[in-house]
Amino acid sequence: MERQRLMWNDTAFLAGADPAEVLRTAPPPVDEAERRTAAAYRSVAWRLSRADGVGRAQLLSLEAARFGWPDLAARFASVAPSGEPTAPWRVGWATGRRADERTVRVMRCDGVHAVLAVRNGRLVAVDAVPFGEVRALDVLDGTSRELFKAPQDARVVGSVEAGGRVLVLTGHEARDRHWNTDRQGPDDTVRAWDLSTGEPVGEPLAVAHGLLTTVAAMGADGRTLLVSGGWDGLVRVWDPATGREVAEPAGGHRGWVTAVATARVAGRPVAVTAGEHDHHVLVRDLLSGRPVGRPLTGHSAPVLAVTTTHADGRALAVTASEDHTARVWDLATGAQLGAPLTGHGHRVCAVTTALVDGRILAVTGGWDHTLRVWDLLTGAQLADAFTGHDQPVQEVAVTTSDAGPVVVARASDGLLRTWCLTERRHGGDVVDGPGRKIASLTTATAGGRRIVATGRYDGTVGLWDLARPRTTRPLSGHTDTALPGGMATAVVDGRTLLLTAGRDGLVRIADLETGDAFGAPLDCRDTEPAALATTVADGRPLVLVGTRTGTVRIWDLTAGQETEPPLATGDDRGVRAVGAISVDGRTTLVTGHTDRTVRIWDLADRASLGRPLHGHTRAVERVSTALVDGTPVAVTTAGYDPQPRVWDLTTGRERGEPLFGHRSRIADLAVTTLDDRTVAVTCGDDATVRAWDLHTHTRISRALRFPYRVHSVAPVDGGALLVGFADELALLPRAELSDGPYESVRWPGCRRCPHSSEAAAPSFPRSTRSN
């Protein structure tokens, strides 16, 4: 059916318009409302193609909430197709640490070895897919086309401009039938192809024992030469016309060659190279291999990327390093120019330069998933960091569109993102997320406030007020709590306590209301904690610590002492998950194991209740318990085994079929209550949250979709969910509640909300979820 040209204030596209067609045909926004709609749509369009109308409405509503636009979020939610089943949760508020209104497009490359190159004047991502097909994806309009057919098992090594044309280099390693794991690697063959015509150029270069991973080009002696670095730590200079090396391979690097660039210094062609374990960069004559000047020294960690440019008559190099900085060097003198370029929160692994509006810019990307743009000569950072990626940035570039200069980044998960260089990052009332990915997430009530605790992979714990998500504070003393799922709560003498298990082997305890430590940490360093849960048995609050040595250590929180003896599970490979439930005065313990089994125990007698339960195909990583129709059950998940399983704890048998729905790794599990029904909620790498009614063993409605992988989910009183995805958090209240406790949670920065965020907070139910 022919459609009218889409306007950004027309939400009918939710019913099924092709996102790529929308981005190609929609006119520029004409007012603020259209601009906001366009920004939300562009940032999540790559996810919309696989969603139906209801899923699109939910995704766009969440995206608008991340940008701090509650009115737009409500509008998106209201246009979901009527008559179709919806999820029992709606979007409340969401943080927006990765929200970026400058986003132009998000795309995915087909393979894993893409490189950015210029083809016929347009920037493309070139990648090799299975069976040797090499394709180019236009980074501005998203169109893809096949370029040529390379020999099978091709990988794209890089692209260079040589002799007035752009070449793409493909590598073809020889298969080793004997699975030789020699550090130098197998034999390799590198071929050059004309990017415009797809025709092979010259002869391939054959290399014995060392895959080539980096490449650059330079003209010398009237011909174009290629410079390649590989796993063997050698730098090779070769002629693509003959496929022969023109000089002896140059060493001098420790480990493999991480970066190669070329330049002219005093009229001489030079190679600028870095090694896997080098803190310096070598500058050598291209043909003789002799040093030119002194090495570029100043970084305090290995250099991961190098690029070169010319400015004010000088040859300059820009280096990116694991020390979180980029530096600018004069290649003639080896001196560093200005102060290091600082701002990245992790290693910097990608760098390029570009001339924009008469200024030479350096663009850097790193493991903090951001890009930063610098004035190369002054060292000043231009604009806010470019955000949106969920994985380390591997390659960066700058190109030009009708709207002006565009910054491009390719991440390790194959996603390409483009941003307008000159616009603002966001103008909404955006609330930053926790920062760094969350390893653990839990909720509790302390001092009449609903508190969210987030344990991050950087080893810190942050406390959030659920009603005022801007209010966050670090929890002192928790400096190594990066154990996924290693967080639980308990109540002792009316005080709500937070327990966190860290990789240092200590379980720390803090008062959630004051943030003060509650006694000494529980020392599990000799057994290495791997799972954490709390329960109450015989009126005593207990801490259950599953260990990598295959035991469950049990601590009395009131006495601050370990009960003896530890529970020996018989699996010396480790307890990965633990949970408990009390019925009729007896406490049943459930453990998940590395050997893929689930085991049931009587806690008082330390006795096994039946044989190990089999069914999972991976190590069991999460356990949650519940009472369903008077029967105690346990729900378990096992990572890359994407089907949760439900076990009857009285019979020791699986209850019904596995819960099908997820398509990849399940990251977290929780049990909550909806309308007096016990519900299991799971989330995972397929960027969804899914729920099952444990009474009927059926899936509840449709999945909730997110723009990133979902790593954490925690139940909140009243049937709401708190979801962690990437560096973000989202509160999802019950969809059918028109007024109630969650209408009192104010949208961050929403001045039109008639409800007070200071309303009395209900208490949380005791959670039995665990790692």
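**Exercise 1.** In which hand, left-handed or right-handed, does α2 pass α4 in their crossing?

*Solution.* Before we start: this is a predicted model, where local features need pLDDT of at least 70, side-chain atom pairs count only at pLDDT 80 or more, and totals for chains, interfaces and linings use all residues. Residues are numbered from 1 along each chain as its sequence is written, and side-chain values use heavy atoms, with hydrogens and water left out.

Step 1: Take helix α2 (residues 32-48) and helix α4 (residues 70-78), whose axes come within 11 Å and cross at roughly 65°. Angles of 65 to 115 degrees count as roughly perpendicular, so α2 is roughly perpendicular to α4.

Step 2: The crossing is right-handed, a label used if the near helix is turned clockwise from the far one by less than a right angle.

Step 3: Arg-36, Thr-37 and Ala-40 in α2 meet Leu-72, Arg-75 and Phe-76 in α4, where contact means heavy atoms within 4.5 Å. These residues divide into 3 nonpolar, 1 polar and 2 charged.

**Exercise 2.** Find how α3 and α4 are oriented to each other.

*Solution.* Step 1: The axes of helix α3 (residues 53-66) and α4 come within 8 Å and cross at roughly 175°.

Step 2: Angles over 145 degrees count as roughly antiparallel, and α3 and α4 are therefore roughly antiparallel to each other.

Step 3: On the α3 side, the contact includes Leu-60 and Ser-61, and on the α4 side it includes Leu-72 and Phe-76. The residues of this contact divide into 8 nonpolar, 1 polar and no charged.

**Exercise 3.** Is Thr-688 buried or exposed?

*Solution.* Step 1: Locate Thr-688 in strand β53 (residues 688-693).

Step 2: Its relative accessible area is 1%, so Thr-688 is buried (under 20% relative accessible area, with a 1.4 Å probe and protein chains only).

Technical notes: Axes fitted to C-alpha atoms, helices over the stretch in contact; angles between N-to-C directions. Helix = DSSP H or I, 4+ residues; strand = E, 2+ residues; numbered from the N terminus. Parallel < 35°, antiparallel > 145°, perpendicular 65-115°, else oblique. Nonpolar A, V, L, I, M, F, W, Y, C, P; charged D, E, K, R; others polar. Buried < 20%, exposed > 50% of the residue type's maximum accessible area, 1.4 Å probe, protein only.
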